Amino acid sequence: MTFHDIVWKNVVRDKWTYIAYFLSSVFSIFIFFSFAVSMFHPDLAVISNGSMLAISMTVGAILVYLFSFIFITFSIMAFMHNKKKTLGLFMLIGASKQQMHRMLFYENIIIGVSAIVTAIVAGVICSPLFLLLSRKVLQIDGFAFYMPFKAIGITVLLFLTLFMIVAFISPRMLRTTQIIQLVKGDKQGEKAAVFSRVKWLIGMGMLACIPATIVWLPQQIEENTLMQLCLFLLFLGGLYVVFYQSIQGVLQRIRQSSSFMQGTRPLVVSNLMSDVRANTKMMYLVTILLLGAFFAIIILYLFSTNVAKDTRSNYPFVYTYASHVDNTHEQQHLTIIDDKLNQQPGFAKQELAILVEEDERVGYISNSQYNEAATLLHMSPINLQASEVAIVAGNVGVIPQKDIETQPLDKALLAVKNVIEKNITPTGYFSRLIVLQDEDYTKINKATLSAMTFTNYTFENWTQFIEQDRALNQVLQGNIYERASLFSAVGLYNTERISKNLALYIGFMLALIFIAASLSMIYFRLITHVDRERQQFKSLCKMGLSLQQFHRIINHQLAFLMLVPFVIAVMLVLLALLLAQQLFTSSAVIIVGSITLFALLQLTGYLYVRKYYKKSLLTM
């Protein structure tokens, strides 16, 4: 029998390890290719390279490839770990290093190329479905099926490069490993783990620092990326310490309880504690992956549901036409806008005369004019007396300064009565608005101010006005000069909706990768020790273990390994939503529905793994 015959028989014997590695690679490449098919569609050629949509799609492709790369790398490491014993036996029977390196190189290349071809074929077959989904998400007409040569080329180039690197690196992993270590494979035992209350408290302290920092320093966290990264790393470190110590503590507490010797509990607990370090690391990583999947779907979906509300916070009116007093085209523009909008249900029009301090971007408006705008926006009117002013926000989420020491006003004669945190003009146009009593407004020093007119429009069902908004912009294109600006809530809503839907689409792709990675991680963990577990249960059956007891042990063991990470991930997601103040009544259905869907997927995975794991153990 030649060395090639031995290698072939080994492949056949370990076919499920090879199939797991192959399918993991196929799935990751399929997800990337499906996204690339949409990204490089000819109908997207109209999107400019520097636009937010183009940047979002590029970032999404990078993220999908990055996590695909990580997932495939993990699959390779698990694959190599599974082959340790076999590689050690080959070296014992006289296989040279050159033969081993050549075998591993060809294995990785063959699996990689096969996975790329399979994923691309499956992607082309399924591309009409993904193109339909992309058309709905991006709100682009057309998006018909096409032959994605560019997507195929990029996918082949990126992933073939990855597998070539892996094929060269994986044989080098053997250089630092002794033959005896390879032969032992998964028989190398673990040191006994002991629960430490001090370490558990340290981990809890690390986790407690995160919400405390968020509550005390919300502005600094929002503006400082380094602080966000530090909090994320603190969360990962604290969660691992708490996770590791809690599992050890629970298992030791069960072992010390008076009911420990009842039924099959000693076998279940002892089996879990024998590999407690490896089991804990696997469960921790599965929890992190499930958290990534939860946040990718739930959080992004929650953000996509508030687009209309957020749009009207930025642009309070459906349309605002801002014009300087010297704009000679104002009447022409307003006539075009009026003709397009005046037939809409609930149509209302209102004009604001605002004096502007250009250097400070401060606007001055009369009390009566402010009340007219407030009435249209369903805000409470204000009633100012002589020498009283109100300060109105110019930016969403920014409390305006109360200081009224500006050139046109005499601070000694005025007092601030109200500070209104909701803007009535497009966000960012003014730093703040100062509302004066009508008579005081007429006395204001206009020498350093410029006059502007803000014509506001509002009507019902404005979110359905997207096509008409495009037509209006086409008519006005080239006619809006630097002395006038048109702010469209419809256009902003459409842009934000597409961006949020695209983010959700990318999140959905990443969630698929995370879920597949978590299931793959559990599978590789179980398959790595299946020979040892089979021998243990074979010995126990000879000692009198019944088939019913065998099923009960496996059920409890797999439930602990697979369902505990899911429960912890759900608890952490709900806690994060509470901290972010996103868990309100209108979102409860979304959150419960998403968690229920993930629970069904996890339960299906548990039942599937349990069935085939039992089958592999009973094959003696």
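**Entry 1, the sheet.** I began at the end of the sheet and found that Tyr319 has Ser488 in strand 8 as its bridge partner. I keep in mind throughout that this is a predicted model. Strand 1 (residues 319–324) and strand 8 run antiparallel, and 5 bridges join them. I then followed the whole sheet, which is open and built from 8 strands in the order 5-4-6-3-2-7-1-8, with mixed pairing. Its edges are strand 5 (415–420) and strand 8 (484–488), each of which pairs on one side only. On average, and with direction ignored, neighbouring strands are turned by 25 degrees against each other. I also noted that helix 15 (residues 367–376) packs on this sheet, where its contacts include strand 2 (348–357), strand 3 (362–366) and strand 7 (450–458), and that its direction makes about 135 degrees with that of strand 2.

I looked up the salt bridges next, and the count comes to 5. In one of them Asp338 pairs with Lys349, the closest N and O atoms lying 2.9 Å apart. This pair links distant parts of the chain, since Asp338 belongs to helix 14 (residues 330–341) and Lys349 to strand 2, 11 residues apart.

Because Lys417 lies in strand 5 and Glu388 in strand 4, the pair ties together parts that are 29 residues apart in sequence. Both ends are partly exposed, Lys417 at 44% relative accessibility and Glu388 at 21%.

For Arg470 and Glu467 I read a distance of 2.8 Å between the closest N and O atoms of their salt bridge. These two residues are 3 apart in helix 17 (residues 466–476), so about one helical turn separates them. Arg470 counts as partly exposed at 32%, while Glu467 counts as exposed at 52%.

I located Thr311 in helix 13 (residues 307–314). Its relative accessible area is 2%, so Thr311 is buried. Leaving aside residues up to four places away in sequence, I found that Thr311 touches Trp462, Ala489, Leu492 and Tyr493.

Last, I turned to helix 8 (residues 197–216) and helix 10 (residues 225–256), which pack at an angle of about 145 degrees with their axes 8 Å apart. The crossing is left-handed. Among the residues that meet are Trp200, Met204 and Leu207 in helix 8, and Leu234, Phe235 and Val241 in helix 10. I note that the residues of this contact divide into 12 nonpolar, 6 polar and 1 charged.

Key: Residues are numbered from 1 along each chain as its sequence is written. This is a predicted model: local features need pLDDT of at least 70, side-chain atom pairs count only at pLDDT 80 or more; totals for chains, interfaces and linings use all residues. Side-chain values use heavy atoms; hydrogens and water are left out. Axes are lines fitted to C-alpha atoms, for helices over the stretch in contact, and angles run from 0 to 180 degrees between N-to-C directions. Helices (H or I, at least four residues) and strands (E, at least two) are DSSP runs, numbered from the N terminus. A crossing is left-handed if the near helix is turned anticlockwise from the far one by less than a right angle, and right-handed if clockwise. Contact means heavy atoms within 4.5 Å. Ala, Val, Leu, Ile, Met, Phe, Trp, Tyr, Cys and Pro count as nonpolar, Asp, Glu, Lys and Arg as charged, and the others, Gly among them, as polar. Two strands pair if DSSP finds at least two bridges between them. Buried means under 20% relative accessible area, exposed over 50%, partly exposed in between (1.4 Å probe, protein chains only). A salt bridge is a side-chain nitrogen of Lys or Arg within 4 Å of a carboxyl oxygen of Asp or Glu.
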